[in-house]
Amino acid sequence: MGAVIELVQGDITVLDVDVIVNAANSSLMGGGGVDGAIHRAAGPLLLEECAKIAAARPAGHACPTGEAVLTGAYKLPCKKLIHTVGPVWHGGRYGEAELLASCYRKSLLLAENNGLKTIAFPNISTGVYGYPKDKAAAIAVQTVRDVLAETPNIARVLFVCFDRENLDLYRQLLG
Ligand code: AR6
């Protein structure tokens, strides 16, 4: 049985899925955009858990770009959070595509290995980090389709688009 891929418009924090993915930065200490929205909705215990993870790792490298970390979800309706760090867009010749694909891949594998069957992704790197939305959407959809072949327990993947441009791009790619 293949997983279902769905497109959703709006705020990822309200979704009642097993796990939502956060587009974090490598400090894991919060920020703006979807990261800010997730921390506000989850409450201060999320930052406490992130600070503990950060304290055990090299300064500023709590989660390196392209990696993913699992935490509790606290006041959010989902069960868990995955924090992943997308690449900053520097023109496309600095491994950005591989790093962005790695965010989707590592997040799906982390969900699979923790028994989380439904997962919602924001459009990683397409806000403050400046990744061109068309290129990022193509990588997101292709990577998720590829990795789902290795994650038999994942039943549902939601792409959550906050802005209209991303929604239109994903609609085209998903048909
Ligand atoms: N629900 C779903 N998507 C959202 C929401 C929301 N509530 N809010 C924004 N988006 P960004 P990045 C979309 O900037 O580019 C933070 O400061 C937004 O429209 O959140 O990966 C971190 O701490 C965009 O399409 O993340 C990092 O420092 C997408 O989420 C840095 O930003 C990603 O935009 C990460 O930058």
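Helices (H or I, at least four residues) and strands (E, at least two) are DSSP runs, numbered from the N terminus. The model described here is predicted, so local features need pLDDT of at least 70 and side-chain atom pairs count only at pLDDT 80 or more, while totals for chains, interfaces and linings use all residues. Residues are numbered from 1 along each chain as its sequence is written, and side-chain values use heavy atoms, with hydrogens and water left out. Threonine 84 lies in strand β4, which covers residues 80-84.

**The sheet**

- Six strands form an open sheet with mixed pairing, in the order β1-β6-β5-β2-β4-β3; two strands pair if DSSP finds at least two bridges between them.
- The edges are held by β1 (4-9) and β3 (68-72), each of which has a single partner strand, so one side of each is left without a neighbour in the sheet.
- From one strand to the next, the twist averages 25°.
- Strand β2 (residues 19-23) pairs with strand β5 (residues 118-121) in the parallel sense, over two bridges.
- Isoleucine 20 has alanine 120 of β5 as its bridge partner.

**Helices on the sheet**

- Helix α1 packs on the sheet and touches β2 and β4, where contact means heavy atoms within 4.5 Å.
- The direction of α1 makes about 130° with that of β2; axes are lines fitted to C-alpha atoms, for helices over the stretch in contact, and angles run from 0 to 180 degrees between N-to-C directions.
- Helix α3 (residues 96-113) also packs on the sheet, touching β2, β3, β4, β5 and β6 (156-161), and its direction makes about 155° with that of β5.

**Packing of α1 against α2**

- Helix α1 (residues 33-42) and helix α2 (residues 44-55) pack at an angle of about 115°, and their axes are 6 Å apart.
- The two helices, α1 and α2, are therefore roughly perpendicular to each other, a term for angles of 65 to 115 degrees.
- Ile38, His39 and Ala42 of α1 make the contact with Leu46, Leu47 and Cys50 of α2.

**Threonine 84**

- Threonine 84 counts as buried because its relative accessibility is 0%; buried means under 20% relative accessible area (1.4 Å probe, protein chains only).
- Leaving aside neighbours within four places in sequence, threonine 84 is in contact with several residues, including Val21, Ala68, Cys103 and Ile124.
- The side chain of threonine 84 reaches the backbone oxygen of glutamate 67 at 2.7 Å.
- Threonine 84 and asparagine 25 are 59 residues apart along the chain, and their C-alpha atoms are separated by 7.6 Å.

Terms used:
Angles under 35 degrees count as roughly parallel, over 145 as roughly antiparallel, 65 to 115 as roughly perpendicular and the rest as oblique. Buried means under 20% relative accessible area, exposed over 50%, partly exposed in between (1.4 Å probe, protein chains only). A polar contact is a pair of N or O atoms within 3.5 Å; within protein, one must be able to donate a hydrogen and the other to accept it, and residues adjacent in sequence count only if both atoms are side-chain atoms.
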